[in-house]
Amino acid sequence: MESQGKKHLSRSLFCVFVLCTQLQPSLTGDCPGDGRTWVPFRDRCYHFVHGDEDKIKSYTFERAKTLCQGFELLTIQSAEENDFVIKYSPKVWKGSVNVWLGMYYDTNSDDMKWYSEDPVKFTNWEDSYSPSDLAPIDRCVALHSDTGKWENVSCMDDVENGVVCETAQDAEEAKQKPSALLSALVILSVVAIMGVSVVIWFLHQKHNLGSTIFTAFEYHPPFRVLDTDRSCLVEAEETDSVP
């Protein structure tokens, strides 16, 4: 029983070691701490400008850039990022919103580019995209939150009702943030090991105590004279009785 208990305890310790090895705290970047609400997604942070409640939102392109306070307007680099913006928008705004994108028309390359200078890896133009009749220097882009499609709009004349600011997570100041799940699992594992150890110790002590009691109360038969000794005594008595 003692050997089985030791095996069980060793197996439990090994499981805790494997658990702690696989569930190490991960490095997580930080979003800006400027008092505004930033939503992390992958390695980026997003601030959805809410605006005044129950008031019509109307932002020019220049006003939208000002609201970001030095950060970039929204850039979309993948279908997953585009879907993220669509799904999170209803948590901030009511109804459909047209969101300014930080994109402009580069006359040198005759193509759209991001103000952040990131390469354009993904686009989601409306189904029948055709060259805009807007002047190149007046060509900006808005995202429709209900469909996720992009549309060419005027940078100077159009106003939109959605602004999303974006920035990269601060990887340089990434800190180790302990996982609550990891802490809970480690605590439960330690408690379980302590419980198993107590049970093993109790059973071991009970087994030893039982053996001691059994030895103390072991049956010892009463003293008796052997038959050969009894015969010798009888013969001696007869010899003494002869005249």
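**Exercise 1.** Work out which way each residue of β8 points, and whether β8 is enclosed or open.

*Solution.* Start with the side chains: R139, V141 and L143 point one way from β8, C140, A142 and H144 point the other way, and all are buried. Here buried means under 20% relative accessible area with a 1.4 Å probe, protein chains only. A strand is a DSSP run of E, at least two residues, numbered from the N terminus. Next, take the whole strand: 6 of the 6 residues of β8 (residues 139-144) are buried, so β8 is largely enclosed by the rest of the structure.

A word on the source: this is a predicted model, where local features need pLDDT of at least 70, side-chain atom pairs count only at pLDDT 80 or more, and totals for chains, interfaces and linings use all residues. Residues are numbered from 1 along each chain as its sequence is written, and side-chain values use heavy atoms, with hydrogens and water left out.

**Exercise 2.** Find the strands that pair with β8, and in which sense.

*Solution.* Two strands pair if DSSP finds at least two bridges between them. On one count, β5 (residues 98-100) joins β8 in the antiparallel sense over 3 bridges, with W100 bridged to A142. Then turn to β9 (residues 150-154), which pairs with β8 in the antiparallel sense over 5 bridges; C140 stands opposite V153 there.

**Exercise 3.** Describe the hairpin of β8 and β9.

*Solution.* Count the residues between the strands: there are 5.

Terms used. Buried < 20%, exposed > 50% of the residue type's maximum accessible area, 1.4 Å probe, protein only. Helix = DSSP H or I, 4+ residues; strand = E, 2+ residues; numbered from the N terminus.
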